[in-house]
2 protein chains.
Amino acid sequence: MPQKQVIYQQRRERVYDWMAREGISLLMIEDTEGQRDSNLRWLSGMPADALLFLSAERKALLVPWDINLAKIYANADFIRAYTEFDRLPIKACLKAALLLKIPHGSRIEIPSVTSYPRFLRFIEALTDFDVICRDNDGAAAVLEQMRAIKDEEELHLYRRAAVITNDIIDLVEKHLRTGKIKTEYDAVQLIQGECRKKRCEGTGFETLAAGPDRSMAIHCFPAYTTSQFGTTGLSILDFGVKYQGYITDITLTVAAEPTKAQERLLTLIEKAYKLALGMVQAGKTSLDIAAAVDAFFAKSGKTMPHALGHGIGLDSHEGPFLRNRNDNEWILQKGMVITIEPGLYDPRLGGCRLENDILVTENGGEELTNSRIIRL
Amino acid sequence: MPQKQVIYQQRRERVYDWMAREGISLLMIEDTEGQRDSNLRWLSGMPADALLFLSAERKALLVPWDINLAKIYANADFIRAYTEFDRLPIKACLKAALLLKIPHGSRIEIPSVTSYPRFLRFIEALTDFDVICRDNDGAAAVLEQMRAIKDEEELHLYRRAAVITNDIIDLVEKHLRTGKIKTEYDAVQLIQGECRKKRCEGTGFETLAAGPDRSMAIHCFPAYTTSQFGTTGLSILDFGVKYQGYITDITLTVAAEPTKAQERLLTLIEKAYKLALGMVQAGKTSLDIAAAVDAFFAKSGKTMPHALGHGIGLDSHEGPFLRNRNDNEWILQKGMVITIEPGLYDPRLGGCRLENDILVTENGGEELTNSRIIRL
């Protein structure tokens with residue numbers, strides 16, 4: 001625990017420095033139902049459900065929904081229960097400004113996702129301050145950039161999370177080959193059980209298990225059922241673990257007695273994956289990699305209906321994003337952890353996706369996980 | 001399926017009527033990662049990840065992320081893949097206005113949760129239209145009101161969901177008494193397995209299982225572990241099922257050899273629950289009920305750190321809300337389905353919460369679920 005406390009303080013110092021440059025007197029972070037924000041955890045250790053206020057005077061005030069949990073997990077200079085502020089974010093912000101002695105007329109930055117109607121209410125309530133809400137160039141964007149590059153402690157956690165993930169992948173393959181996994185639910189149950197045994201906080205997200213009848217969906221619905229998995233055709237399993245907050249995210253495809261058309265799909269995916277992995281390197285733009293894969297698929301008349309990949313961390317989807325879209329300005333940097341996940345989905349043949357977690361280094365991409373297409 | 005299709009159309013007709021009264025030419029609904037909105041499913045049957053545009057001409061355009069899933073689940077007049085719009089919501093909105101022939105200068109209502117910075121970008125891109133974004137009195141508020149009162153089909157689903165939930169509660173008690181449930185994970189696994197067997201889409205939300213060491217948290221973190229459950233002291237189990245989209249939400253407390261102080265806590269909760277249930281009736285304000293329970297706890301020097309309850313439906317938390325807060329204007333109406341969940345949490349004694357799902361009728365509250373405090 002003590003070493004962790006220092007990490008949160010160090011991270012906050014970086015934010016305070018940025019606030020000083022920007023002339024921000026108070027920064028509000030909000031992680032509540034309907035407005036999740038892992039910056040809360042990254043900056044204070046509090047896993048969820050709290051407001052965090054950072055002041056120009058380099059003080060952190062945490063306002064948790066659950067004061068008992070905060071006492072166990074959180075690092076902050078002051079902790080005050082949310083009930084003291086009637087569980088109203090605007091009221092809490094106003095009181096935080098008082099408690100932290102924010103000078104009238106100074107700049108208060110509120111969350112970038114604040115809705116337009118709520119923004120108007122903030123303005124109305126905080127008339128003595130200059131309330132700002134922005135995404136590009138604001139605190140959210142800066143924190144996204146900071147978090148995209150993992151520090152040593154985070155990479156240490158990622159290596160442990162990857163070992164657990166890889167053990168589960170091997171176990172899934174073994175149980176498929178021995179017939180122990182027969183249904184989507186069997187696969188999910190195995191993964192959940194292993195996560196608990198290995199002291200994970202849980203799975204990284206709801207496991208998606210789609211047998212041959214349902215694998216044509218990008219993200220199958222429902223997430224899993226009791227129908228067959230790994231039987232003739234293509235099955236997709238998309239899962240991750242959450243280890244001390246950090247999420248892995250892999251997808252494996254099980255191909256049982258694939259037809260020639262299905263085999264062509266699998267080969268395309270494997271080639272696209274290798275193409276993308278080969279391009280990963282610090283300094284590369286993620287747009288170029290995503291565009292190369294889309295171009296590769298286009299040559300076979302195929303269209304991938306989703307992005308090539310994304311960063312992972314405390315969120316299962318975070319920066320950098322590997323999108324083939326003009327507004328994508330991400331440049332890969334050393335210490336980023338990303339997924340590469342080419343996928344194609346055919347209503348008749350089924351779907352195939354291959355996804356691994358990749359650490360960006362100066363020399364290329366290091367595969368942390370070893371997911372693959374499992375041919376039965 | 002055919003009868004369902006009619007339901008979605010009927011619901012949309014109610015929205016079109018409202019749009020006509022408000023002079024709205026185009027209404028945009030968005031359910032995407034980071035901006036979930038079950039109105040999508042309520043109005044089209046599409047379970048997730050799509051945009052839905054409703055026009056004054058009473059046409060519905062669905063723009064799904066996953067076209068294969070949409071073909072199975074969705075009801076709309078037109079379906080166009082999100083990839084056609086580069087997966088950009090503003091671009092999709094602009095094109096939808098063209099496709100649906102929305103006259104220049106007319107009103108387009110975008111989601112109430114649209115962030116302030118994104119709202120500015122909407123305005124900039126849709127210069128030919130009058131873009132509005134509002135929460136109070138806007139489409140989101142109207143849909144929340146509509147959805148709060150369940151129709152016959154929804155109540156039919158709720159009765160089935162409640163039977164499944166009650167069977168699981170009984171099974172949990174049985175397995176606790178026979179020692180089959182020893183850990184938090186045992187309880188979670190039982191619930192997940194039963195949900196699948198009973199053809200639910202899944203659990204209603206991530207099950208929270210907190211043994212005596214962790215029950216002092218409102219919502220324990222992590223959600224569950226392999227530590228003991230149902231052993232000496234107070235354990236809390238908060239779960240629900242998701243049946244054809246509809247979510248139940250109950251909490252049971254297991255009290256094993258409670259001390260006198262713990263027994264006093266349990267009794268307070270049971271009395272608070274009965275007090276609240278006795279007040280439920282169409283026409284009552286939910287503020288009055290929540291205030292009565294808070295006042296009851298205050299007499300014993302206790303403070304409940306969360307609201308008394310909330311509506312349930314396609315969301316695990318939706319209107320009406322049972323909050324003791326001045327801005328709460330909800331009046332209970334026939335056909336609402338709500339939770340009542342008084343809870344108290346003591347760092348030393350542990351926590352206790354009792355939560356059931358209640359159908360509001362003209363004569364009172366009908367308990368759909370039969371959760372209880374289980375004394376071992």
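This is a predicted model: local features need pLDDT of at least 70, side-chain atom pairs count only at pLDDT 80 or more; totals for chains, interfaces and linings use all residues.
**Backbone features**

- In chain A, a cis peptide bond joins Gly319(A) and Pro320(A), with an omega of about 0°, and the place of Pro320(A) is in strand β14 of chain A, residues 318-322.
- Asp86(A), although it is not a glycine, has a positive phi of about 55°, and this residue lies in the loop between β4 (78-79) and α4 of chain A.

**The contact between chain B and chain A**

- The contact draws 52 residues from chain B and 51 residues from chain A, and the area buried between the two chains is about 4500 Å², of which carbon and sulfur atoms give 55%.
- On the side of chain B, Tyr116(B), Arg196(B) and Phe221(B) supply 17% of the area that this chain buries against chain A, which is more than any other three residues supply.
- How many salt bridges are there between chain B and chain A? The count is 2, and one of them is formed by Asp135(B) with Arg121(A), whose closest N and O atoms are 2.9 Å apart.
- Across the interface of chain B and chain A, 20 residue pairs are found in polar contact, with both residues of a pair at pLDDT 80 or more.
- The elements of chain B that give two or more residues to the side touching chain A are α3 (67-73), α5 (116-125) and α8 (184-197).
- By class, that side of chain B has 23 nonpolar, 14 polar and 15 charged residues.

**Helices α4 and α5 of chain A**

- Helix α4 (residues 89-99) and helix α5 (residues 116-125) of chain A pack at an angle of about 35°, with their axes 10 Å apart, and α4(A) passes α5(A) in a right-handed crossing.
- Where the helices meet, Pro89(A), Ile90(A), Cys93(A) and Leu94(A) belong to α4(A), while Arg118(A), Arg121(A), Phe122(A) and Ala125(A) belong to α5(A).
- By class, this contact of α4(A) with α5(A) has 6 nonpolar residues, no polar residues and 2 charged residues.
- Arg121(A) takes part in the helix contact and also forms the salt bridge with Asp135(B).

Key:
Residues are numbered from 1 along each chain as its sequence is written. Chains are lettered from A and ligands numbered from 1 in the order in which they are written. Side-chain values use heavy atoms; hydrogens and water are left out. Contact means heavy atoms within 4.5 Å. Buried area is the accessible area (1.4 Å probe) that two parts lose on being put together, summed over both. A salt bridge is a side-chain nitrogen of Lys or Arg within 4 Å of a carboxyl oxygen of Asp or Glu. A polar contact is a pair of N or O atoms within 3.5 Å; within protein, one must be able to donate a hydrogen and the other to accept it, and residues adjacent in sequence count only if both atoms are side-chain atoms. Helices (H or I, at least four residues) and strands (E, at least two) are DSSP runs, numbered from the N terminus. Ala, Val, Leu, Ile, Met, Phe, Trp, Tyr, Cys and Pro count as nonpolar, Asp, Glu, Lys and Arg as charged, and the others, Gly among them, as polar. Axes are lines fitted to C-alpha atoms, for helices over the stretch in contact, and angles run from 0 to 180 degrees between N-to-C directions. A crossing is left-handed if the near helix is turned anticlockwise from the far one by less than a right angle, and right-handed if clockwise.
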